[in-house]
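My notes follow in the order in which I looked things up.

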Amino acid sequence: MAVNFNENVITSFRRNKYSDEVFDGFDMNPIKFDVVDKPLTDPEGFVIPDRKGIYRVNEDGTSNYLATVSKNYPIIKHSDIIEKLEDGMKFSNADVKTIISRNGATMQRIYTLKDYSVEVRKQDEISPSIRVVNSYDGSNAIGFFIDAVRLVCTNGMVSIRQFMSMSYRHFGSKFDLNLFSQNANKLISGFNVYARNWSKWTKESVTEERATLLMDYMPVRFRAMVDARMNGNFDNTKWGLYNAYTEALTHDFNPNNGATSSDTKKIRLGGEITKIFNDNWYWTAPKEEIIIDLTRKRKIKAKDEENELSVYE
């Protein structure tokens, strides 16, 4: 249950599930709507202390309730963050995607920067992808993440390798838009240093047995997609296996749109993949320990006394 603020008066209702909205390009209009806060009162007319409502203001002057937050929670607009960032970074050669959720209460804006590519090995380049997040309902701090995109995929690669990030809480007076933009530039300038470490993956050996075993951490439907991408990618190195995952995630994995967009679902799955590829334990632990971990996480189960493994659906 949640609360509905109709003319700032609380009544009980079930919150509607807004579908994500996805926009391509630099257009600011999807995030440039005004946002205001208003005091809240109960049905008897008493002001609720220490709380306020956040509302989206529509073009016709009407407003839609977005969230209830602390009285001291400051509004930092999506558009203010993006304008400052884009003004400071002077994007020139970039693909842009904006994802709006919960009727504008949360925002992600993703930039794939084509001018900062790094060659991991011959004819295999990666480029940084910037993801900026913000919310009006307290669900997300102001965040800046840098992921990696393989340029070999010409129809747009979903990044799965988050390697740098920073975030700021809305509370207090510490958040500074100018400082945020400056720090974002510093993270981008360090991209080459971080990306060149991935060249080590081209020299890290991975057996077929280990690759198959680790695939059990993935959703059942996605495993077959990765397996189908092994041919032509997997060359018994971690980099080759990584490429099979990224191609499957981008070209084959198409989760249904619902309250959460398919892009958001891909990003979430990409985060799970990132954890595995970054953690040396998955690549060096004995097989028995991996199986114990998979069983504990209910990815697989011991089917009988012979420990025949059966995948959870």
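Which residue is the bridge partner of Tyr-55 in S6? I looked it up and found Tyr-65.

**Before going on.** I note that this is a predicted model, in which local features need pLDDT of at least 70, side-chain atom pairs count only at pLDDT 80 or more, and totals for chains, interfaces and linings use all residues. Residues are numbered from 1 along each chain as its sequence is written, and side-chain values use heavy atoms, with hydrogens and water left out.

Strand S4 (residues 34-41) and strand S5 (residues 47-57) run antiparallel and are joined by seven bridges. Val-35 has its bridge partner in S5, namely Arg-56. The hairpin of S4 and S5 has five residues between the strands, and there Gly-45 takes a positive phi near 95°. S5 is also joined to S6 by seven bridges, again in an antiparallel run. In the hairpin of S5 and S6, with five residues between the strands, I found Gly-61 with a positive phi near 95°.

I counted a charge as sitting over a ring if NZ of Lys or CZ of Arg is within 6 Å of the ring centre and within 35 degrees of the ring normal. Lys-38 lies over the face of Tyr-55, at 4.6 Å from the ring centre, while Arg-56 lies over the face of Phe-33, at 3.9 Å from the ring centre.

Strand S3 (residues 21-24) is joined to S7 by four bridges, and the two run antiparallel. The bridge partner of Asp-24 in S7 is Lys-97. On pairing S7 with S8, I found the antiparallel sense and eight bridges, with Val-96 opposite Tyr-111 in S8. S7 is mostly covered, since six of its eight residues are buried, where buried means under 20% relative accessible area, exposed over 50%, and partly exposed in between (1.4 Å probe, protein chains only). The hairpin of S7 and S8 has four residues between the strands, and Arg-102 in the turn has a positive phi of about 55°.

Asn-103 has a positive phi of about 60° although it is not a glycine, and its place is in the loop between strand S7 (94-101) and strand S8 (106-113). Asn-103 counts as buried because its relative accessibility is 16%. Asn-236 is likewise not a glycine, yet has a positive phi of about 65°; I found Asn-236 in the loop between helix H5 (220-228) and helix H6 (238-252). At 36% relative accessibility, Asn-236 counts as partly exposed.

Rings of Phe, Tyr and Trp (its six-membered ring) pair if their centres lie within 6.5 Å, and planes under 30 degrees apart count as stacked, over 60 as edge-to-face and the rest as tilted. The structure holds 14 aromatic pairs. Phe-277 and Trp-283 form a tilted pair because their planes stand at 55°, with the ring centres 5.2 Å apart. Trp-281 and Tyr-282 form an edge-to-face pair, 5.1 Å centre to centre and with 80° between the planes. Phe-277 is buried at 3% relative accessibility, and Trp-283 is buried at 13%. One aromatic cluster includes Trp-201, Tyr-245, Phe-277 and Trp-283.

On a 1 Å grid over the protein atoms alone, a cavity is a set of points where a 1.4 Å probe fits but cannot get out, and lining residues have an atom within 4 Å of a point. Grid points are joined across faces, edges and corners, and a volume is the space filled by probe spheres set on the points. Which residues line the largest cavity? I listed Leu-214, Met-218, Leu-241, Tyr-245, Ile-273, Ile-276, Phe-277 and Trp-283. The elements that give two or more residues to this lining are H6 and helix H7 (262-278), and the largest share, three residues, comes from H7. The volume of the largest cavity is about 30 Å³.

Technical notes
1 Å grid on protein atoms, 1.4 Å probe; cavity = no way out; pocket = protein on both sides within 12 Å on 5 of 7 lines; lining within 4 Å. Pairing = 2+ DSSP bridges.
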